[in-house]
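Here is a short briefing on one protein chain.

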Amino acid sequence: MSAEERLERATRLCAGRGARLTPQRARVLRILIEAERPLGAYEILAEMAGGQRALAPPTVYRALEFLLAQGLVHRLETLNAFIDCRHPERPHPAQFLICSACGRVVEIDDEAIAARLLDAATQSGFAASRKVVEVIGVCEGCR
């Protein structure tokens, strides 16, 4: 799916949820869609500025908060970076494989992994508030 198609899908999803994908939010999403790797907020900010007048960091953070709330992007905790979501049409437990050599990220959507982790937490008497699964390693192309 092209970047344009993915942006159109995001616009439709937001509208169906009673939310609005503003031009600023769409710009942040486009940057993440077109990126070849996860990006931090300040990298997104630099890309948005594109050599022009610097924007304020809250601009990007507000857009990212919206995109996260709409399920259009994911935050990678270990990298403190963001990637676009490949399946934004439905909430899903995402797990990530992160290559430490090239930065490539593969999003996995495996309900069994999420269920097993929740079961293990419950059996341990642990009340999970967030489920983050990020596996750091080396991808096939970098080995």
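Predicted model: local features only at pLDDT ≥ 70, side-chain atom pairs only at ≥ 80, totals over all residues.

The protein chain has 143 residues, with five helices and five strands. About 540 Å³ of space lies in its largest pocket.

**Overall make-up**
- From the N terminus, the elements run α-α-α-α-β-β-β-β-α-β.
- The C-alpha atoms fill a box of roughly 50 × 40 × 30 Å along the principal axes.
- Among contacts with a separation of 6 or more, 47% join residues 24 or more positions apart.

**Surface and burial**
- Buried residues account for 36% of the protein chain.
- The accessible surface is about 8700 Å². Carbon and sulfur atoms hold 52% of that surface.

**Largest pocket**
- The volume is about 540 Å³.
- The lining has 25 residues, and H74, H92, P93, A94 and K131 are the closest to the centre.
- Two or more lining residues come from each of β1 (73-76), β3 (95-99), α5 (111-123) and β5 (133-137).
- β1 gives the most, with three residues.
- By class, the lining has 12 nonpolar, six polar and seven charged residues.

**Second largest pocket**
- This pocket holds about 280 Å³ of space.
- It is lined by 16 residues, with A35, E36, D84, R86 and V105 the closest to its centre.
- α2 (23-34), β2 (81-84) and β4 (105-108) each supply at least two lining residues.
- Eight lining residues are nonpolar, one is polar and seven are charged.

Notes: Residues numbered from 1 in each chain as written. Heavy atoms only, no water. 1 Å grid on protein atoms, 1.4 Å probe; cavity = no way out; pocket = protein on both sides within 12 Å on 5 of 7 lines; lining within 4 Å. Points joined across faces, edges and corners; volume = space filled by probe spheres on them. Helix = DSSP H or I, 4+ residues; strand = E, 2+ residues; numbered from the N terminus. Nonpolar A, V, L, I, M, F, W, Y, C, P; charged D, E, K, R; others polar. Buried < 20%, exposed > 50% of the residue type's maximum accessible area, 1.4 Å probe, protein only. Contact = heavy atoms within 4.5 Å. Areas by Shrake-Rupley, 256 points an atom, 1.4 Å probe, with all protein chains shown as cover.
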